[in-house]
Each structure stands twice: as structure tokens, then as C-alpha cells.
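Hello,

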Amino acid sequence: MSLDQEDGVNIDEVLDSDQAHVWHHLTQHKGFESAKPPVMVSGKGMRITDANGKEFLDAVSGGVWTVNVGYGQERIANAVRDQLVKMCYFANSAGNIPGALFAKKLIEKMPGMSRVYYSNSGSEANEKAYKMVRQLAAIENNGVKHKIIYRDRDYHGTTIGALSSTGQFQRKAQYGPFAPGFVEMPHCLEYRSQYGDVADYGERAARELEKVILQEGPETVGAVVLEPVTAGGGVITPPEGYWETIQEICKKYSVLLHIDEVVCGVGRTGKWFGYQHYGIKPDFVTMAKGVASGYAAISCTVTTEEVFERFKTDADDPMSYFRDISTFGGCASGPAAALENMRIIEEERLVENAEKMGVYLMEKLQSLQQKHQIIGDVRGKGLFVGMELVKDRATKEPVDESIPARIAADCMSNGVIIGRTNRSFEKHNNTLCLSPALICTPADLDEIVDAIDSAITRVMG
Ligand SMILES: Cc1ncc(COP(=O)(O)O)c(C=O)c1O
């Protein structure tokens with residue numbers, strides 16, 4: 001019988017209990033009839049330790065690009081503890097101290113934005129924006145301008161509404177029927193250009209939005225939701241000229257621009273928000289994962305004062321304000337963690353570090369691409385990078401998804417956790433993903449890239 005000395009927990013009991021009773025996310029459990037599932041026990045900085053005592057360098061910030069300030073930040077834990085003792089919860093129809101202070105601090109990083117609506121997850125934050133768009137349509141034009149356009153390969157969450165607006169076939173398969181009013185537009189991955197080798201790819205890909213708006217009827221389209229850099233869809237950085245055209249089209253047809261910063265938000269891409277690389281003026285920005293780096297559950301739907309005002313125009317109408325509540329949007333632990341998380345990012349200049357380390361990582365991966373033919377494309381922004389694996393660089397035929405799975409498993413057995421696109425597309429689950437914490441150093445990145453180098457050599461050898 002093993003015993004975790006630190007907190008007196010019987011680890012064998014934990015593993016047995018997990019195997020018997022926990023239903024893990026994104027997991028086929030058949031293999032766990034004869035083996036124990038992975039259980040993570042402790043973490044410090046960039047490293048995490050499992051129940052067997054094996055330590056890993058985490059190149060994906062908690063598996064799904066979340067723990068942006070790294071593990072074991074006692075300042076955040078203390079801030080949450082202090083807040084819980086003082087006042088843990090009250091429904092967010094009333095404010096609380098960290099909620100008010102974090103909203104101010106957040107808005108200071110987002111010129112042009114003004115109001116923060118709290119909830120718990122990225123999916124929920126997106127659902128709030130969708131509800132706002134639909135309600136504005138209901139209030140202002142009998143519900144006609146209610147449709148929301150989303151993009152092939154983007155992901156916006158797990159709930160039925162958010163999944164209805166997701167452009168990933170395998171994530172959606174078997175979970176329909178989906179909500180009406182969501183319409184897909186084509187992706188903007190230049191490496192897999194739909195138009196051949198063209199000089200104006202970015203503008204053409206953006207014009208697809210206009211085509212969909214015209215096809216649906218501009219009077220019916222309320223908003224478009226886009227990731228600034230597509231995350232789980234293969235780390236897709238937007239092509240040149242893309243965002244300028246998207247912005248122009250949104251203005252032309254009075255379509256609200258909703259940027260989903262659930263992954264990119266709060267420093268990951270080397271700016272506070274991904275959209276800030278591209279000079280865009282969004283109407284909604286949603287965020288979750290990095291807001292409190294996983295130390296507490298919190299998400300934010302941020303809007304402009306202009307959108308907010310539109311919910312106040314008729315105070316005599318008992319139905320015209322935003323009649324939504326998220327019970328746990330009132331947990332004061334969320335903004336308490338977010339406030340301290342943001343202070344750490346500021347004091348330790350982690351946005352700047354993400355930019356600097358991102359350049360270093362990109363250079364290293366481009367060198368790796370020279371060495372391994374299987375790496376067809378390397379793309380990313382800041383500490384958010386993807387490597388698309390192909391059988392043949394000329395035809396760009398994707399490798400079978402078992403290859404990235406074996407490369408990731410090899411890295412894991414050698415103590416480095418990397419990510420990969422997983423059950424998203426039929427043929428394109430072929431991208432390795434890296435999103436190390438914003439605190440990473442060149443030595444951490446060297447170790448990560450060395451592990452991938454050796455893994456590719458072994459798997460392809
Ligand atoms: C871009 C994007 N939006 C939304 C979500 C959904 O967030 P959550 O899992 O917190 O509901 C995710 C989750 O990975 C995401 O990557």
C-alpha cells in the first residue's frame with residue numbers, strides 16, 4: 001500500500017476509486033478495465049506529478065491550455081482562501097468585491113470594451129453571447145436578425161448551443177439534432193487552401209463570410225463567432241488580410257463580431273488578447289481557461305457599452321433586459337483567483353515572456369521541420385504552436401491519426417506532456433499542439449523540443 005505522505009491520502013484507494021467510479025472526459029474506458037486511469041497528484045511551476053510519482057514537464061498547461069501561470073501559485077490559492085472565508089457566494093444579481101475589481105482591471109486591458117458578465121466555462125460564456133444576440137433580435141426586429149455564423153474547424157464548446165456553432169465534425173457527430181440558427185462558413189487554413197496557391201488567400205477566405213451573409217439574407221444574420229487563432233481545430237493562425245476584411249464585412253451588414261478568446265485570452269499569444277494582434281474592434285469577447293489559470297472556475301462574456309445600452313432602452317418592458325443567470329457566476333472565488341492571476345502576469349511580465357519564448361519556440365520547431373519530413377507545417381502565435389504532420393510534403397496527405405498519438409505517447413513515457421488534435425475531424429487529427437505555461441524558460445522549451453525530436457525519430461524510425 002502506497003501513501004502520499006504530504007496529505008495522508010492512500011493513493012491505492014484513490015486509484016481504485018477513480019477506476020471504479022470516475023467517468024473521464026474524452027476517454028474510451030475499455031482499456032481501464034485492466035489498467036488504472038492516470039491520476040495527477042501535485043504540480044509546481046511547469047511540472048506535474050502523477051499518482052505513480054512520475055514527474056512530467058507539461059507542454060500544454062494542464063492538457064487543455066489552461067494553467068497559464070503554472071502550478072502551485074500560492075498567491076492565488078491564498079487569495080481564493082481569504083475570499084471564501086470572507087464571503088464565498090452570493091447570486092451575481094448583486095456584486096462582490098473581487099468581481100468588481102477584476103472587471104475594472106480586465107476592461108483596462110481591452111480598450112473599447114466595457115461590461116463583464118460572469119459565468120463558469122467557455123461554453124457558457126459563448127452561450128451568453130448567443131442569447132444576447134438572439135434577444136437583441138427579438139427586442140429590435142421581431143427576432144429576424146438572429147442567425148449566428150461560425151467557421152469550419154473552430155470549436156466553441158460542449159453544450160448543445162455551443163456545439164451547434166462548432167465546425168468540427170467528430171466533436172458534433174452523434175450529438176444532434178442541433179439548435180437552429182447557426183450557419184457554417186469555410187475555414188481559413190492557408191496550408192489547406194480551398195483556392196489553390198493564391199496571393200490573396202486571406203481576403204478570399206474572409207469573403208466567404210460575405211457569401212454566407214448574402215445567401216442567408218443580411219437582415220437575418222446577427223453575429224459571427226470566430227476564434228482569433230483556431231485552437232483545437234489545428235492551431236490555425238489567420239492569413240494576411242483576413243481580419244481587416246472580416247471587420248469590414250461585419251460593419252457593412254451590421255453583423256456583431258464575437259471573438260472567442262477562451263484559449264487565446266489573457267496572454268497566451270503574446271498580447272493580452274489574440275484579437276489585439278489584428279486591430280479588430282469586437283462587440284463580444286468571451287474568455288475562460290487562462291482567466292484564472294484553472295485555480296477556480298470562471299468565464300467572462302465581455303461586451304461594449306453600446307451593446308449593453310441596447311438592453312436598457314425600454315425600462316417599462318418587463319422582458320427587455322438580459323434575463324439570464326448562472327448560479328456559479330456568483331462564486332467570489334472565480335474573480336478572486338482571476339485578479340491574483342492577472343497581478344502575477346503583470347508583475348512577472350508574462351505576456352512579454354509569452355511573446356519572447358514564442359519566437360524562440362517557433363525557431364526551434366522550424367529547425368525540427370528541416371530535420372523531419374513528416375512535419376508539413378509549423379504555425380502559431382506566442383506560446384501557442386501547432387505542427388501538422390503529413391505523409392508527403394508535396395501532396396500534404398495527412399498522416400494517420402495513430403502517428404501523432406504514438407508521438408505524444410512516446411513523449412509522455414519520456415516525461416513530457418504534449419497535445420494533439422483529438423477526435424475533431426475525420427482525416428485531419430494530425431496536428432501536434434504545444435501551449436506551455438507563460439512562465440516557461442528556454443531550457444523548458446529545449447526539453448520539450450528534444451522530446452518531440454526523439455519521439456518522431458523513434459516512431460518514424
Ligand atoms: C476556443 C474554445 N472555446 C470554447 C471552449 C469551451 O470551453 P469549456 O470547455 O470551458 O466549456 C473551448 C474549450 O476547449 C475552446 O477551445
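Helix α3 passes helix α11 in a right-handed crossing (a crossing is right-handed if the near helix is turned clockwise from the far one by less than a right angle, and left-handed if anticlockwise). Before we go on, please note that this is a predicted model, in which local features need pLDDT of at least 70 and side-chain atom pairs count only at pLDDT 80 or more, while totals for chains, interfaces and linings use all residues. Residue numbers start from 1 along each chain, following the sequence as written.

Back to the two helices: α3 covers residues 74-86 and α11 residues 333-347, and they pack at an angle of about 150° with axes 8 Å apart. Here the axes are lines fitted to C-alpha atoms, for helices over the stretch in contact, and angles run from 0 to 180 degrees between N-to-C directions. The angle makes α3 roughly antiparallel to α11 (over 145 degrees is roughly antiparallel, under 35 roughly parallel, 65 to 115 roughly perpendicular, and the rest oblique). On the α3 side, the residues making the contact include Arg 75, Ala 79 and Gln 83, and on the α11 side they include Ala 336, Glu 340 and Ile 344. Two residues are in contact if their C-beta atoms, placed from the backbone, lie within 7 Å.

**The chain as a whole**

The chain has 14 helices and 18 strands; these are DSSP runs numbered from the N terminus, H or I of at least four residues for helices and E of at least two for strands. With a radius of gyration of 22 Å, close to the 23 Å that the globule rule gives for 461 residues, the chain is as compact as a globular protein of that length. That radius is taken over C-alpha atoms, and the rule is 2.2 Å times the number of residues to the power 0.38. Along the principal axes, the C-alpha atoms fill a box of roughly 65 × 60 × 45 Å.

Buried residues account for 49% of the 461 (buried means 20 or more other C-beta atoms within 10 Å of the residue's own, exposed means 12 or fewer, and partly exposed lies in between, with C-beta atoms placed from the backbone). Of the contacts between residues at least 6 apart in sequence, 71% join residues at least 24 apart.

**An enclosed strand and its partners**

Strand β12 (residues 299-303) is worth a visit. Five of its five residues are buried, so β12 is largely enclosed by the rest of the structure. Ser 299, Thr 301 and Thr 303 point one way from β12, while Cys 300 and Val 302 point the other way. In a regular strand, side chains alternate between the two faces of the sheet.

Strand β6 (residues 115-119) runs antiparallel to β12, joined by five bridges, and Tyr 117 stands opposite Thr 301. Strand β11 (residues 284-287) is also antiparallel to β12, through four bridges; Met 287 faces Cys 300 there, and Val 285 faces Val 302. Strands count as paired if DSSP finds at least two bridges between them.

β11 is covered on both faces, with Phe 284 and Thr 286 buried on one side and Val 285 and Met 287 buried on the other. β10 pairs with β11 in the parallel sense over three bridges, and Asp 260 stands opposite Thr 286.

**An open sheet**

Elsewhere, four strands form an open sheet of mixed pairing, in the order β3-β4-β5-β16. β3 (40-44) and β16 (416-417) are at the edges with a single partner strand each, so one side of each has no neighbour in the sheet. β3 and β4 (residues 47-50) are antiparallel over four bridges, and Met 40 has Asp 50 as its bridge partner in β4.

**Some loop residues**

- Pro 177, in the loop between α7 (169-172) and β8 (182-185), is joined to Gly 176 by a cis peptide bond with omega about 0°.
- Ser 254 lies in the loop between α9 (242-252) and β10 (256-260); it has a positive phi of about 50° although it is not a glycine, and with 11 C-beta neighbours inside 10 Å it counts as exposed.
- Arg 423, in the loop between β17 (419-420) and β18 (431-434), is not a glycine either but has a positive phi of about 45°, and it is partly exposed, with 14 other C-beta atoms within 10 Å.
- Ala 231 sits in the loop between β9 (221-226) and α9 and is buried, with 27 C-beta neighbours inside 10 Å; beyond its neighbours within four places in sequence, it contacts Trp 65, Tyr 155 and Val 263.
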